[in-house]
Amino acid sequence: MAEAAGAELPVLPDSVLMRVLALLPLRDRLRAARVCRRWQRLALDRTVWRYVDLSPHRLTSQTLWHLVRRQLHDSLRTLRVRGTLCSGGKQRLLSPALLAALGKRCPQLRRLCLAETDLRPVPYESIPPSLTALELSRCEIPAAWFCGSAARALPQLQHLVVRDVPAFSDHHLLNISSQSRLKTLSLSGTYRVTDTGIQRAAPHLEELERLVLRHCVIGDSAVDFVGRHMKHLRFLELSDAYSLTNAGLASLATLQRLESLCLDLCDKISPAAVIALCQALPRLRDLKLGGAHFGDEVIDKIQASLPRCSFSRAP
């Protein structure tokens with residue numbers, strides 16, 4: 001222990017130091033490059049820049065251009081960026097030219113996470129085609145997004161997460177589901193997504209493995225189409241689905257590969273319906289319930305009827 005405590009950073013191997021540097025925030029990573037020549041070499045090594053989180057910083061377009069030209073390389077896999085929508089800033093962070101430069105400099109970029117970003121002047125076909133995962137949080141998007149011309153390569157997304165994007169609608173959902181083979185779809189606070197949108201998109205989402213519908217306006221008809229078409233689901237979360245009834249819940253019994261189920265229920269759902277559904281799912285190992293005001297006796301009954309399943313209650 002005494003020898004380990006007395007170890008100095010200069011004697012640590014390069015591989016260890018690079019792992020430490022990769023965990024540092026961007027500003028600290030750049031400061032570390034000024035310590036000495038060795039640290040500069042390691043801090044600017046391409047392997048340290050595989051994951052870059054710029055979201056703690058309010059960047060200008062000029063700063064982001066500088067980073068794209070000087071610091072981001074073909075080793076980059078994940079990039080997180082935050083704009084200025086929620087701070088009242090008028091300057092637009094992203095442009096088609098900047099995204100084109102990002103795609104050219106970072107051809108291995110797989111995951112792009114955008115927060116508080118105005119994407120209305122940015123055509124979807126400007127998004128780097130190498131992406132397989134896209135996360136949008138509190139962003140503005142145009143009506144024609146998630147589609148493009150046949151002349152330009154579009155991202156073949158496998159994972160899409162949308163949080164609190166008011167403009168995201170049934171039309172967007174159909175566009176993205178029909179031109180990508182999604183495995184993960186997470187929609188939260190997208191109140192423009194309705195039963196009709198889920199019904200139209202469901203036949204294109206048959207390879208989906210993870211589905212989250214939180215604060216969406218859906219009911220029995222949408223859930224019925226989930227049960228009909230999304231047979232590969234392993235994780236399902238339905239939150240604030242206040243129109244859902246016992247009949248809609250029963251339609252999920254066809255999801256024979258489901259392993260984890262999170263339900264935020266209303267008083268229209270009976271404990272018997274929950275038990276019947278879970279007993280019909282042979283691979284279910286994790287059940288989380290919230291919303292419904294079930295008493296302790298009812299909860300005990302649900303737990304007793306599902307001995308192979310881990311059970312928890314959402315706050």
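The largest pocket has a volume of about 150 Å³, as computed from a model that is predicted. Its lining is made up of 13 residues, and those that lie nearest the centre of the pocket are Glu135, Val161, Arg163, Thr184 and Ser186. Two or more residues of this lining are given by each of the strands β4 (133–137), β5 (159–163), β6 (184–188) and β7 (210–214). By residue class, the lining of the largest pocket comprises 4 nonpolar, 4 polar and 5 charged residues.

Aromatic contacts were examined next. A pair of aromatic rings is described by the distance of the centres and the angle of the planes. The structure holds 4 aromatic pairs, one of which is formed by Trp145 and Phe146, with 5.2 Å from centre to centre and 75° between the planes, an edge-to-face arrangement. Trp145 and Phe146 are both buried. Another pair is that of Phe146 and Phe168, whose ring centres are 5.8 Å apart and whose planes stand at 80°; because planes over 60 degrees apart count as edge-to-face, this pair is assigned to that class. Together with Tyr124 and Trp145, the residues Phe146 and Phe168 form one aromatic cluster.

Arg29 lies over the face of Trp49, at 4.9 Å from the ring centre, and Arg210 lies over the face of Phe235, at 3.8 Å from the ring centre.

The helix α7 is mostly covered, with 7 of its 10 residues buried. The buried residues of α7 are Asp170, His172, Leu173, Leu174, Asn175, Ile176 and Ser177, and what covers them includes the strands β5 and β6 and the helix α8 (195–201). Both β5 and β6 are also among the elements that give two or more residues to the lining of the largest pocket.

Terms used: Residues are numbered from 1 along each chain as its sequence is written. This is a predicted model: local features need pLDDT of at least 70, side-chain atom pairs count only at pLDDT 80 or more; totals for chains, interfaces and linings use all residues. Side-chain values use heavy atoms; hydrogens and water are left out. On a 1 Å grid over the protein atoms alone, a cavity is a set of points where a 1.4 Å probe fits but cannot get out, and a pocket is an open set with protein on both sides within 12 Å along at least five of seven lines; lining residues have an atom within 4 Å of a point. Grid points are joined across faces, edges and corners, and a volume is the space filled by probe spheres set on the points. Helices (H or I, at least four residues) and strands (E, at least two) are DSSP runs, numbered from the N terminus. Ala, Val, Leu, Ile, Met, Phe, Trp, Tyr, Cys and Pro count as nonpolar, Asp, Glu, Lys and Arg as charged, and the others, Gly among them, as polar. Rings of Phe, Tyr and Trp (its six-membered ring) pair if their centres lie within 6.5 Å; planes under 30 degrees apart count as stacked, over 60 as edge-to-face and the rest as tilted. Buried means under 20% relative accessible area, exposed over 50%, partly exposed in between (1.4 Å probe, protein chains only). A charge sits over a ring if NZ of Lys or CZ of Arg is within 6 Å of the ring centre and within 35 degrees of the ring normal. Contact means heavy atoms within 4.5 Å.
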